[in-house]
Amino acid sequence: MATQKHTIVALVLDKPGVFNRISSLFRRRGFNMESIAVGHSELPNISRVTIVVDGSTVQVEQVRKQLEKNIDVVKVTDITLRDTIIRELALIKVHANSTTRSEIIQIVDIFRAKIVDVSGDSLTVEVTGDTPKVDTLYKLLKVFGIKEIARTGCIAMTRGDNASI
Amino acid sequence: MKMTGSQILCESLIKEGVDVIFGILGGSILPLYDTLTEYPQLRHVLVRHEQAAAHAAEGYARVTGKPGVCFATSGPGATNLVTGIANAFLDSTPVIAVTGQVATPFIGKDAFQEIDITGITLPITKHNYLVSDAASVAQTVKEAFYVARSGRPGPILIDIPKDIQVNPVEFDYSAKLVMPGYKPTVNGHPTQLKKAAKLIAEAQRPVIIAGHGVIISEAYEELKELAEKAQIPVISTLLGISSFPGSHILSYGWLGMHGMAYSNKAIDACDLVIAIGMRFDDRATGKVSGFAPRAKVIHIDIDPAEIGKNVKVDVPIVGDVRNVLRSMNKYIETMQHEEWMAELEELRAKHPLSVPDCSDKILPQYVIHKICQATDGKATVVTGVGQHQMWTAQYYTFNRHNGLLTSGGLGTMGFELPASVGAAVGRPDEDIWCIAGDGSFQMTMQELGTIAQENLNIKIAIMNNGYLGMVRQWQEMFYGKRYMATPLGGPNFVKLAEAYCIPALDVKRREDVEPAIQKAKDHEGCFLLNFIVEPEENVYPMVPPGASLAEVMETPRKEVLTWPRKSTL
Ligand SMILES: Cc1ncc(C[n+]2csc(CCOP(=O)(O)OP(=O)(O)O)c2C)c(N)n1
Ligand SMILES: [Mg+2]
């Protein structure tokens, strides 16, 4: 069966152990989680989780139903086929010296990324965008030597007036 | 009024209708046990191992339909519960396990007998709780019972630190449950019901597969109405056995690896499967791609995650089986399927359950057949796991609802004796027969102590073949008859029973089988029968692993003996 990346958005109760339950479910049922991002939602005591999962439509529907079975999970939606805004943020610490610095800054500008820290032999870049954009910037910077990268994982929202979930 | 956490727990249990607890105490649950002295209406059954507490709670829950409750102390007490909780999880049984935990200030310090039991049981409970203050005990218990018995039932664990058991707070049980993440769908969607009724009206060769869900929701009458009105044969799953009277003319055996050959062949030949409260377990379906290849599938289940999980479904209906059948039956018209029924009768006649004719030996199938006769198919029968389990399912014709307690999903050897304890407590005035394997029995036979102490009326029939028989059968069939670690010694079971003051008999000759069963039956109280049965008898029919149901193998020997089946209502 053809697999594809799916973006799942879940609202979960802000209780101890909830993430343990979610990650345990992915591990146990052999679902392949690409990323998970968690934060507060617009509702009190409810967190919003965005999960990117790789799988066939049937598998991902199983993921959705199994997640929804969880008593601390309020709602789960697969928004993959909807018109969405997907973003992640990355911090990339890249080697830089007097000869490479300007070239790096040019690349960063093209990506509308930001330099957020400068030191003797490195630059730290902050970039937001969808996963391909972050991947591409990472690839371009790789030739200079990456010291460190941190990524948040994707968060997502549907376009238009309606709520995603 | 202020009450301690323990008192609040006991009050809450009483409010939830609990009257019995199975358990063993220890340091971290001592305050709670001390409080039990103030609540004589909560009967405590002291078991001999916490695994048995969980199985007994499950046995009790399965015969009464009420959640079963078990208690254990922290650490090893809690970990001993794990197998029993897992069993209840896989067989969708409402069990409430309460564990003591080390006092709050010690949590996370690897204190004596501290174990993260909520972590351990996370994947084998429907939900679990580590109680963080005495004020939340009442709410937690209320929620736990609601979750355990609603939707698809399942076990819940509540871990209560020792200090919380003694902290006094105000007791209030009136708060409403707010559970935005939990809203089981109980009524079938009308459009789906109509679609299903249409498929049923159009089908020429329909079958019903009745699962555990029929028993859990007590949809016996609704199932019977559907079957009779539309003249559809009822095949059950292993756990669905006794959801429909075994000697009903429309009862058509059970499916799966050791189900009847005719049942499996009917699944292969049918054009519509109406799957009711079942989950297409691999032991039931055989090779999934070869399952009911000519059929459309209607799947009724309360758990939406079961729909489409293993088998593609044409009409899914999420809801409580009883509600769904009640509403669906209104759309069902009276039908006849004469050709199909005639074909099925022929199949049944051609592929009966049969055993080799060896009249000088005791065949385990024969023993079970005789127990069935002696109890008129109306006993509550509890089995272990292995060949004896399959023979019980095959040769005991259940003529009462919810008569079979067996470990289906987890296949837990040792289930039979402790589950019988729970069954006997839950059905004190009925016949309880524990059909044990010599291997399974030895896993939990310490519970003879519980039975003796509580004076429980359980008839134990050990099918003693001197082997871990089911595994030996696989070695014989698939591993060149190399009997590695399957020959099994045992104690003198009669002396063992007698050591617990339980009367017992060895049964070594075929002619002694009936009188022995009668003797046990007539005895008031527990009686143990040790049947020395044919050691290398195999379970047939068998769908070999990886094969489809149509490829079912039948008794390979020529001379066969069959027992007549009553075809009355
Ligand atoms: C706890 C546990 N351990 C191991 C097994 C694997 N197993 C399945 S059936 C069986 C043999 C059961 O032997 P016995 O109880 O004597 O029953 P018989 O098959 O001989 O009737 C074994 C070892 C199991 N199901 N459960
Ligand atoms: Mg045996």
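**Notes on the A–B model: interface, salt bridges and a few local spots**

1. Let's start at the contact between the chains: A:Lys69 makes a salt bridge with B:Asp303, and their closest N and O atoms are 2.5 Å apart. A salt bridge here is a side-chain nitrogen of Lys or Arg within 4 Å of a carboxyl oxygen of Asp or Glu. The rule finds one salt bridge across the interface of chain A and chain B.

2. Some ground rules before going on. This is a predicted model, in which local features need pLDDT of at least 70 and side-chain atom pairs count only at pLDDT 80 or more, while totals for chains, interfaces and linings use all residues; side-chain values use heavy atoms, with hydrogens and water left out. Residues are numbered from 1 along each chain as its sequence is written, and chains are lettered from A and ligands numbered from 1 in the order in which they are written.

3. Back to the interface as a whole. Contact (heavy atoms within 4.5 Å) brings together 17 residues of chain A and 19 residues of chain B. The two chains bury about 1,400 Å² between them, with carbon and sulfur atoms giving 55%. Buried area is the accessible area (1.4 Å probe) that two parts lose on being put together, summed over both. On the chain A side, A:Arg21, A:Lys65 and A:Ile71 supply 46% of the area buried against chain B, more than any other three residues.

4. Which polar links cross from chain A to chain B? There are five residue pairs in polar contact, both residues at pLDDT 80 or more. A polar contact is a pair of N or O atoms within 3.5 Å; within protein, one must be able to donate a hydrogen and the other to accept it, and residues adjacent in sequence count only if both atoms are side-chain atoms. Helix H1 (18-28), helix H2 (57-69) and strand E4 (73-78) of chain A each give at least two residues to the side that touches chain B. H2(A) has the largest share of that side, six residues. Helices (H or I, at least four residues) and strands (E, at least two) are DSSP runs, numbered from the N terminus.

5. B:Asp303 sits in the loop between E13 and E14 of chain B and B:Arg152 in the loop between helix H6 (137-149) and strand E7 (156-161), so the pair ties together parts 151 residues apart in sequence. At 3% relative accessibility, B:Asp303 counts as buried. Buried means under 20% relative accessible area, exposed over 50%, and partly exposed in between (1.4 Å probe, protein chains only). A:Lys69, B:Arg152, B:Asp303, B:Glu306 and B:Lys309 are linked in a network of salt bridges.

6. Over all chains, the structure holds 34 salt bridges. One of them pairs B:Arg326 with B:Glu222, closest N and O atoms 3.0 Å apart. B:Arg326 is in helix H13 and B:Glu222 in helix H10 of chain B, so this pair joins parts 104 residues apart in sequence. B:Arg326 is partly exposed at 45% relative accessibility, whereas B:Glu222 is buried at 6%.

7. On to the other residues of helix H13 (residues 321-329) of chain B: B:Val321, B:Val324, B:Leu325, B:Met328 and B:Asn329 are buried. Seen down the axis of H13(B), the buried residues fall within an arc of 120°, so they line one face of the helix. The arc is that of the directions from the helix axis to the C-beta atoms. These buried residues pack against several elements of chain B, including helix H8 (190-202), helix H10 (220-230) and strand E13 (296-301).

8. Is B:Ser6 buried or exposed? B:Ser6 is buried, with a relative accessible area of 2%, and lies in helix H1 (residues 5-15) of chain B. The B:Ser6 side chain reaches the backbone oxygen of B:Gln165 at 2.8 Å.

9. Last, the domains of chain A. The assignment gives domain 1 (4-82) and domain 2 (85-155); such bounds come from an automatic or database domain assignment. The C-alpha centres of the two domains of chain A lie 29 Å apart. Between them, domain 1 and domain 2 bury about 370 Å², 65% of it on carbon and sulfur atoms. The count of salt bridges between these domains is zero.
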